[in-house]
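Thanks for coming. I have one structure to go through today, and I will start with the space inside the protein.

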Amino acid sequence: MAEIRARAVDRINTQPRHTEADAIRLNHMFRGRDTAEILEVVLKEQMLGEVATVSSFGTEAIVLLHLIARFDRSLPVLFLDTGKHFPETLAYRHDVVSLLGLTDVRSLQPEPADIVAQDETGLRWSYDPDGCCAIRKVKPLEHALVEFDAQISGRKAFQSATRAALPRFEVEAGRLKMNPLADWGKDRIEAYFAEFALPRHPLEVQGYPSIGCAPCTSIVKPGEDPRAGRWRGWDKTECGIHNATTPLPDNGANDPAF
Ligand code: SF4
């Protein structure tokens, strides 16, 4: 494993990675094209290089996983196994993986040394959620992504104000991030669930439209932003794994078709 990672780091450090120009070009190339069609082309023609998807196995995650599985069941699926998930999420992950026949689901866990040094009590989320996410999410994902040129994300523009201008392709730390569901609304998500009879996360019906770690996820009241239950009471809306840099003005990326 260490040898594979070392080779991957060497490859990334010695070869040009994706640039913002690549993201802009892809956004224009696929303008107005259907989501499934884009995924099929990108995956079958390996347009993005080595690709993984990152999944929370939350309420809507199965939609993207199902779309991907239609074209490539062996695509690596990275799951941030923070040690703080609801047991229902872990059970749902097991069921989804089995149902879709995903063959390469990887659990990314925090470094034990980081936990001992920085969160020995396991309560860091209660006084420093950014620091907790850094140990349990950001760092493990950064290590895992070293092997990949691009990742596929399930983020959607409607989920919150902070995601309103989400393009289909963007660049983050020199790596492409594809958001195939960027322009999907709630109605389309619901229609996809119905069309393929996809199973629901068991906590959704209890009032959790967006589900992360158990200590940082609360029930959302009617009319609230779907992500209002995440880190409630904190000035924090993302866990730190989404920091894209692709500029949006004048490149068409603000077009709803993206
Ligand atoms: S979501 Fe909460 S428990 Fe999970 S890693 Fe972030 S701060 Fe820690």
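The largest cavity has 15 lining residues, and those nearest its centre are Cys-133, Lys-137, Cys-213, Cys-216 and Trp-231. A cavity here is a set of points on a 1 Å grid, over the protein atoms alone, where a 1.4 Å probe fits but cannot get out; lining residues have an atom within 4 Å of a point. This is a predicted model, where local features need pLDDT of at least 70 and side-chain atom pairs pLDDT 80 or more, while totals for chains, interfaces and linings use all residues. Residues are numbered from 1 along each chain as its sequence is written, and side-chain values use heavy atoms, without hydrogens and water.

The volume of this largest cavity is about 110 Å³, a volume being the space filled by probe spheres set on the grid points, which are joined across faces, edges and corners. Helix α8, residues 129–145, contributes most to its lining, with 5 residues. Helices are DSSP runs of H or I with at least four residues, strands are E runs with at least two, and both are numbered from the N terminus.

How many cavities of 30 Å³ or more are there? The count is 2.

Now to the strands. β1, residues 51–54, runs parallel to β4, residues 150–152, with 3 bridges joining them; pairing takes at least two DSSP bridges.

Notes:
1 Å grid on protein atoms, 1.4 Å probe; cavity = no way out; pocket = protein on both sides within 12 Å on 5 of 7 lines; lining within 4 Å.
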